[in-house]
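Please keep the sequence and the structure in view while reading.

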Amino acid sequence: MKRINLFFFLFLPLFINAQESEGGMWASFTTKYELNKRIDLGIEGQFRLDDDFSRYDATLIDAGGNYKINKYFKTGATYRFGHSQRNPGYFETKHRVAVDFRADDGLGQWDLDFRVRYQAGISNIKTTEGNADLKDAIRYRLKADRKLISKTDLSLSIELFQNTNLAYAELTDWRFRAEISRKIKKRHNASLGYMTQREMNANNPLMQHILTVGYSVELKFKKKDIGSQEQQ
């Protein structure tokens with residue numbers, strides 16, 4: 001409990017001084033396939049609402065994979081297709097690629113994960129505003145996970161976004177997320193969480209309070225099943 005209180009205390013200043021505030025929801029479905037002990041592949045679809053659940057925000061589709069270097073380090077790459085509403089009635093389609101480097105370790109009952117991500121959006125529009133998950137950025141995320149009870153886990157994370165302008169690098173957004181996941185059946189998990197994020201170094205910074213709902217499935221094929229599919 002002391003570690004949780006310390007976590008909130010350290011990042012409490014991030015939650016204040018927002019000029020605008022709104023609610024939203026993110027619903028996601030994820031599939032993951034472990035190719036071998038070092039490589040896993042995955043696809044995720046996500047639907048988002050904002051403006052207090054009343055307006056369509058974005059639809060995102062991710063496809064990517066991770067490579068486990070050793071016990072402590074992992075790297076990965078992801079392609080994202082995004083369709084978003086930047087302003088009422090103005091829609092934008094954007095593609096994004098991202099590469100990750102992650103370090104994992106443990107602290108008592110907590111599993112710690114520090115991730116650095118470089119993401120680059122592919123679009124005719126270059127902007128430092130809008131959807132933080134689609135624009136060019138370097139992201140730094142610290143995540144902590146632990147088991148609460150049988151089949152139920154808690155995760156907490158804090159993330160900072162930085163622009164990619166080397167001549168004038170500054171933080172553009174921050175994000176805090178708390179989530180509980182529950183194992184429904186073998187290789188099937190459901191999650192429910194709360195996330196808040198806020199723009200930084202903006203004239204009229206927006207703070208969002210978001211309900212997150214997710215469902216994930218881990219796929220596993222037997223070698224004989226793969227062989228029979230190839231014969232067909």
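**Charged side chains**

R102 has a relative accessibility of 18% and therefore counts as buried, since the cut-off for that class is under 20%. The model in which this value was computed is a predicted one, and it holds 13 salt bridges.

**The pair R102 and D113**
- The side chain of R102 meets that of D113 in a salt bridge, with a distance of 2.5 Å from N to O.

**Other salt bridges**
- R177 and E179 form a salt bridge in which the closest N and O atoms are 3.2 Å apart; R177 is partly exposed, with a relative accessible area of 24%, whereas E179 is buried, with a relative accessible area of 18%.
- Salt bridges with shared partners join R48, R115, D133, R139, E159 and R175 into one network.
- Within that network, the side chains of R139 and D133 meet at 3.3 Å, N to O, and both R139 and D133 are buried.

- K151, R182, K183, K186 and K220 form a positive surface patch.
- One of these residues, K151, lies in the loop between β7 (137-149) and β8 (152-162), and its relative accessibility of 48% is why K151 counts as partly exposed.

Terms used:
Residues are numbered from 1 along each chain as its sequence is written. This is a predicted model: local features need pLDDT of at least 70, side-chain atom pairs count only at pLDDT 80 or more; totals for chains, interfaces and linings use all residues. Side-chain values use heavy atoms; hydrogens and water are left out. Patches are made of residues with over 30% relative accessible area and no salt bridge: like charges are joined within 9 Å, nonpolar side chains (Val, Leu, Ile, Met, Phe, Trp, Tyr) within 5 Å. Accessible areas come from the Shrake-Rupley method with a 1.4 Å probe; for residues, only the protein chains shown count as cover. A salt bridge is a side-chain nitrogen of Lys or Arg within 4 Å of a carboxyl oxygen of Asp or Glu. Lys and Arg count as positive and Asp and Glu as negative; His and the chain ends are not counted. The place of a charge is taken as NZ of Lys, CZ of Arg, CG of Asp or CD of Glu. Helices (H or I, at least four residues) and strands (E, at least two) are DSSP runs, numbered from the N terminus. Buried means under 20% relative accessible area, exposed over 50%, partly exposed in between (1.4 Å probe, protein chains only).
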